[in-house]
Structures are given as C-alpha cells and as structure tokens.
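Please examine the sequence and the structure shown below. The paragraphs that follow lead from a set of charged side chains to the chain as a whole.

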Amino acid sequence: MSNKFELSEEKKRDGGVDFYRVKALRDVGGSVKAGDLGGWVEKEENLSQDGESWVANDALVFGKSLVKDAAIVAGQSKVYGNAIIEGNAKVQDRAKVYGGSKISDQAKISGESWVYGTAHVYEKAKVTSNSEVCGTAKVHGEVELNGDLIFGDKNVC
C-alpha cells in the first residue's frame, strides 16, 4: 500500500522542536481527503503510514511518540515522550499525553487533561475536563473522569 502522508514544506518551531505539517497523499478515514493538511509532527515516525490514524488541526506529536491504527490526535493537543495512541483512541482539545503512557481501544482524552508516566487509558474510558492520570494508573471500562486525579498504581474501571 502507498504512503498515506508526507511531511509538507510548512515548518514551525515550538519549545525548541522543529515540526512539519502532515499532508494526506490519499483519503484517510472518512474525513481526510488526499491533499488535506493535518497537524504537526517532529518526524515521519510519529504517525504510522499504515491504518487510518491521523494528526489534525494544530496538534503536536513529537519525541518517540506514535499515533497508529485508527487513532486521532486533534485540536491543540500534545503527544510526546514515548506515548502511544492506538486503536480508535482520540486525543483532542488541549489534552497532553506523554511519558510512556498509552491510550488505546476507544478511549478518549479531552479538555485540558493530562495522561503521563506509564499510565494506560483504554477500552471506552473517557478522561475529560482537567483530569490527570499518572504513574502506573490504569483507567478502563466505560468510566468517565471529569476533573479527577488518578495516580500511582490505581486501577479505575
């Protein structure tokens, strides 16, 4: 299968990191058409060429982080460190996901929430508002956090 995106010539610097806007080379998912510009990545390895994943709007993905499968990173969110966004997960608004954390399945991180450390948010869990999930915490099931702080080795489901 051919590549789904390329790094455009549009470049910006943020926090000492050079970012490149992604440009779709083919239709991706139901809303991205060939030629559409997306969000920003530090390097091609931050967004998988396979699947239907996408970085949109003014979102920034950098470091050793990866967006893959059918995951979406949008808004003004930031994904960095060694974070992985996979499955049908969504990171949006002004959310930050970093460290060695993972967002997977159909989980959704939104608002000004932070997920970091080696935390894992998965299944249909939602982390909204100004919530923080950190350490080795796991949030899963159909739970919704709204302004909560979950840390350490807690398991919330």
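Which residues are linked with Glu10 in a network of salt bridges? In this predicted model, the network consists of Glu10, Arg21 and Asp58.

Glu10 and Arg21 form a salt bridge in which the closest N and O atoms are 3.2 Å apart. The pair links distant parts of the chain, since Glu10 belongs to strand E1 (residues 5-14) and Arg21 to strand E2 (residues 17-24), 11 residues apart. The surroundings of the two partners can be described by their accessibility. Glu10 has a relative accessible area of 35% and is therefore partly exposed. Arg21 has a relative accessibility of 13%, and because buried means under 20%, Arg21 counts as buried.

Another salt bridge joins Lys102 and Glu86, whose side chains meet at 3.7 Å, N to O. Lys102 lies in strand E12 (residues 102-103), while Glu86 is found in the loop between strand E9 (84-85) and strand E10 (90-91), so this pair ties together parts that are 16 residues apart in sequence. Here Lys102 is partly exposed, at a relative accessible area of 30%, whereas Glu86 is buried, at 15%.

A further salt bridge connects Glu42 with Lys43, and the closest N and O atoms are 3.6 Å apart. Glu42 is partly exposed, its relative accessible area being 27%. Lys43 is also partly exposed, with a value of 29%.

The view may now be widened to the whole chain. The count of salt bridges comes to 9.

What secondary structure does the chain contain? There are 21 strands and 0 helices. How do the overall dimensions fit this chain length? A compact globule of 157 residues would have a radius of gyration near 15 Å, and the chain has 15 Å, which means that the two agree. Along its principal axes, the C-alpha trace spans about 45 × 35 × 20 Å.

Finally, contacts and surface may be considered. Among contacts with a separation of 6 or more, 11% are between residues 24 or more positions apart. Buried residues account for 45% of the 157 residues. The chain exposes about 7500 Å², of which carbon and sulfur atoms supply 45%.

Notes:
Residues are numbered from 1 along each chain as its sequence is written. This is a predicted model: local features need pLDDT of at least 70, side-chain atom pairs count only at pLDDT 80 or more; totals for chains, interfaces and linings use all residues. Side-chain values use heavy atoms; hydrogens and water are left out. Helices (H or I, at least four residues) and strands (E, at least two) are DSSP runs, numbered from the N terminus. The radius of gyration is taken over C-alpha atoms; the globule rule is 2.2 Å times the number of residues to the power 0.38. Buried means under 20% relative accessible area, exposed over 50%, partly exposed in between (1.4 Å probe, protein chains only). Contact means heavy atoms within 4.5 Å. Accessible areas come from the Shrake-Rupley method with a 1.4 Å probe; for residues, only the protein chains shown count as cover. A salt bridge is a side-chain nitrogen of Lys or Arg within 4 Å of a carboxyl oxygen of Asp or Glu.
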